[in-house]
Each structure stands twice: as structure tokens, then as C-alpha cells.
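Student: Please take a close look at one part of this protein, the pocket and what lines it. I would like the surrounding context as well.

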Amino acid sequence: MQLNFKQLASLPIFNGICEEDLPAMLNCLGSFQKNYQKDEIILLESNEVRSVGIILSGIVHMVKEDSEGYQTLLVAMKDGELFGESFSCGSHLDAHVSFFAAAPCTVLFLPFHKIIHSCKMSCTFHHRLIENMVQLIGDKNVQLMHKIEVISKKTLREKILTYLQQQALDQDSRQFTIPLSRLELAKYLCADRSALTRELSYMQKDGLISYEKNTFQLL
């Protein structure tokens, strides 16, 4: 698939870089593009991570699996977001999590060592790209802090409310649509799906929330 440079120029990772410079930049970095079907594995835990993935379309889930095969959803990422950056820039390249395509998606990969080290031509876009990368790594850390805040709550009801309050703040509305299915939300909350469904019903009866499928309202 041919790259849409106008679309790329609008992504946060390329903020401040002219659309006209993108073809030369991506060629200089040795970028490559891949397509994935729903539920396809992008990267497995323990694999080496040498490239940063940029989601051009679709949804990617960062998942941690325990020794018994139970999966916990850490972060759900959408168009324009990065994944793999925390591992590719670390001293240990092995991934400690897995990445799956939660929907059909297209990913642009940038080899990290070529991002962090300016080429012999000293292209000006390298410096801007590094600045953008640092900012996006900071944003990802905030997402993970939100996850910690949710799962640190003692009861399932408190976990649900904390997650919904975060979504309301992110979308600046007391009525909002969450990006996760019931099963995905259960994995995110480290909860049983049946228990989650039951608790949501109780919370609606208690007048805390109202919901229809994935659309919620805080009351």
C-alpha cells in the first residue's frame, strides 16, 4: 500500500515536519509498512523490539499474559499512537508484553536506532522527530499511570467508576463511548467478564450510571 503523506503529516510523531520532507525522511530512516488482520499477533512477549510502530489505522492492544494464560489488557492504542518505543529505546530489547491487532490495522515501523542517531546528512527532521518521540513516550506513561490508578482500587465498582471517570475527562463529557468491548474492559480491569456485567447492572440500578452497549453516562 502506498503511503499517504498528507495523512502522515497530521500525525503527532511527525508534528512540525513538512509533508514534502516525509518521503526523504522515511527513506533515510529505512521505514517499512505492514498490514495486520483482527487478532493477528504483531509482536510477542520476549521478542526483540528494534522498531517503533506507528498505527496508521486500526487498534492495537498491549497485553500481558501470566503463566496460566490469563491476559491483562494494559493499553488500547488507536490511529496516530506509538507502540514498542519503551522497549526499543531501553537497554534490554526484549518485549515484556505482547501486541495484538484488535481490529484490522496498518502499521508503519521506524527502526529506533536510526531515529535516535542523526544520519551523516544531519537532516533537520531528526531533531524534531526525537522531540516528538519523547513527548509521545511521556503521553504513554500517563496512560499507564491511569491503568495503575484503576487497578489499585479495592473493589470492582471503584475500578469501573475510576475508568469511566477517566473516559469522561478525556472526552470532556459526562456521556461518552468507551473504546473497549465487555471482554476487553474485563481484561483491562483485571476482572471476570460475568462479574463486570453484573456490577454494571447493579451500578445502573443504584443510579450511578446509565449505559447502552458501549455508551455510558455518569449520573
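Tutor: Contact here means heavy atoms within 4.5 Å. The model is predicted, so local features need pLDDT of at least 70 and side-chain atom pairs count only at pLDDT 80 or more, while totals for chains, interfaces and linings use all residues. Residues are numbered from 1 along each chain as its sequence is written, and side-chain values use heavy atoms, with hydrogens and water left out.

The largest pocket has a volume of about 680 Å³. A pocket is an open set of points on a 1 Å grid over the protein atoms alone, where a 1.4 Å probe fits and protein lies on both sides within 12 Å along at least five of seven lines; lining residues have an atom within 4 Å of a point. Grid points are joined across faces, edges and corners, and the volume is the space filled by probe spheres set on the points.

The lining of the largest pocket counts 26 residues, and those nearest its centre are A76, K78, E81, Q143 and D170. Two or more lining residues come from each of β5 (71-77), α5 (124-151) and α6 (156-171). Helix α5 gives the largest share, six residues. Helices (H or I, at least four residues) and strands (E, at least two) are DSSP runs, numbered from the N terminus.

Two of these elements can be followed through one residue each. T72 is found in strand β5. T72 is buried because its relative accessible area is 15%, where buried means under 20%, exposed over 50% and partly exposed in between (1.4 Å probe, protein chains only). Apart from neighbours within four places in sequence, T72 is in contact with M62, V63, K64, K147, K187 and C190.

Q167 sits in helix α6. Q167 also counts as buried, since its relative accessibility is 12%. Leaving out residues up to four places away in sequence, Q167 touches F176, I178 and P179.

As for the context, the protein has eight helices and 11 strands. Its C-alpha atoms fill a box of roughly 65 × 40 × 30 Å along the principal axes. Of the 219 residues, 42% are buried. Among contacts between residues at least 6 apart in sequence, 68% join residues at least 24 apart.
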